[in-house]
Amino acid sequence: MKTWNKTLFLIVTFGLIFLLPLFGSLAKWKGLPPGYGDFPAQRVEADPGFSLLYFSLACVVALIITLVLVFPGWFSFKKTAEAPRKAGAPTPFPVWFWWSLPVFVLSWFLMWARVKLFISLEHYTFVPLWWSFILILDGFVYKRNQGASIISRKPRVMQLLAVVSCFSWFAFEYLNFFVLENWYYPNNEVFSNFGNVFWFSLSYTTVLPAIFEWYLLLKTFRLFRSRYSHGPKLKMSRSWLIVYYVLGLILAFGMGYYPYLLFWVLWVALVPMLSAAMALVGYWTPFTPVKNGDWSKVILVGLATVFNGFFWEFWNFGSEWFHDDAPTNPNYWKYSVPYLDKFHIFSEMPLLGYFGYLFFGLNCWIIWLIAAYVFKFDADIEVTGEQGEQG
């Protein structure tokens with residue numbers, strides 16, 4: 001297939017992600033869904049509430065995923081021994097690590113403390129908190145990877161990650177309308193309409209950089225680096241790829257037509273649609289190494305997103321939970337998740353919701369690759385370096 005045909009196919013597929021839920025929603029509501037177009041998203045109606053059957057089924061899926069991650073040997077993953085690495089002189093933290101620490105501490109303090117003298121500054125803590133945290137993570141990668149990190153080796157990639165991150169999260173905000181606002185932002189009046197668009201645009205630049213920094217950090221640990229690299233080989237024929245692609249199309253439409261029953265499709269449909277589309281035209285995806293038994297990229301990016309998700313939820317929770325006066329964090333979000341909204345641990349997110357982060361990380365990587373293939377830039381986020389730390 002010619003390159004321009006490949007690109008066109010990817011663009012069409014990506015466009016269907018936006019159109020199919022819209023068509024499903026139009027068929028369901030005979031028009032646009034409730035709350036469509038409000039930015040940031042607001043809660044428009046109560047969800048169906050808790051369902052023991054749905055919750056039990058989700059628990060079974062979560063248990064299977066947990067067993068695979070914790071006991072991979074039960075699922076034909078083999079232990080591997082790495083060649084010993086030469087111990088060199090310890091690599092110091094880079095300068096941006098030290099510059100970021102005071103920004104990080106001050107931003108966190110202001111976000112949670114509600115100091116009346118600086119109350120207006122609290123509106124602007126999310127972006128410096130997260131970008132300083134990203135640079136701190138990069139500093140850890142730099143130290144453990146003997147000077148190799150995204151900032152030190154591929155600063156342009158970090159810039160592109162920020163841009164793609166902004167547009168990709170706007171895509172998720174758009175899709176959120178069709179599941180009737182699984183998450184929403186109650187502090188929508190802190191800024192004006194223009195202020196919300198501007199500030200949230202800056203905020204969305206942090207999503208992909210944070211996830212990929214966690215991914216690279218996990219790879220510096222031997223436990224994660226080799227744990228999932230020799231598993232069952234899974235080769236997909238072209239026929240099966242087409243089946244998965246069509247399944248993704250059906251799910252995307254169904255998400256709009258059954259917004260409560262299929263709310264989870266928001267995190268899942270993109271994976272078969274986009275990854276199958278890339279594989280059909282011969283592009284690399286995180287699933288490509290699976291045919292040789294290497295599941296490490298698929299699993300580690302999911303785990304990276306779970307690790308990062310803890311901080312997303314923890315800082316979000318603390319920014320409002322300890323206060324009952326006027327809201328100050330415009331980025332604060334709450335959830336309206338049907339059927340599963342039980343068991344919250346220092347988080348607005350229900351406990352089972354964290355498993356959705358595993359799929360969200362894959363979505364992010366796939367969207368990043370789609371952008372790179374369409375706009376012809378280097379999408380390689382891997383950095384070379386000898387992992388001097390063996391913990």
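Predicted model: local features only at pLDDT ≥ 70, side-chain atom pairs only at ≥ 80, totals over all residues.
Apart from its neighbours within four places in sequence, W264 is in contact with Y54 and L251. W264 itself is found in the loop that joins α10 (238-257) to α11 (265-268). Within this setting, a polar atom of the W264 side chain lies 3.2 Å from the backbone oxygen of L261.

The discussion now turns to a pair of helices. Two packed helices are described by the angle between their axes and by the distance between those axes. For helix α13 (residues 296-321) and helix α14 (residues 356-375), the axes come within 7 Å and cross at roughly 115°. Angles from 65 to 115 degrees count as roughly perpendicular, and α13 and α14 are therefore roughly perpendicular to each other. The crossing of α13 and α14 is right-handed.

Which residues meet where α13 and α14 are in contact? On the α13 side they are K297, V298, V301, G302, L303, T305, V306, G309, W312 and E313. On the α14 side, Y357, L358, F360, G361, L362 and W365 meet them. Sorted by class, the contact between α13 and α14 comprises ten nonpolar, four polar and two charged residues.

Notes: Residues numbered from 1 in each chain as written. Heavy atoms only, no water. Axes fitted to C-alpha atoms, helices over the stretch in contact; angles between N-to-C directions. Helix = DSSP H or I, 4+ residues; strand = E, 2+ residues; numbered from the N terminus. Parallel < 35°, antiparallel > 145°, perpendicular 65-115°, else oblique. Left-handed = near helix turned anticlockwise from the far one by under 90°. Contact = heavy atoms within 4.5 Å. Nonpolar A, V, L, I, M, F, W, Y, C, P; charged D, E, K, R; others polar. Polar contact = N/O pair within 3.5 Å; in protein donor to acceptor, adjacent residues only side chain to side chain.
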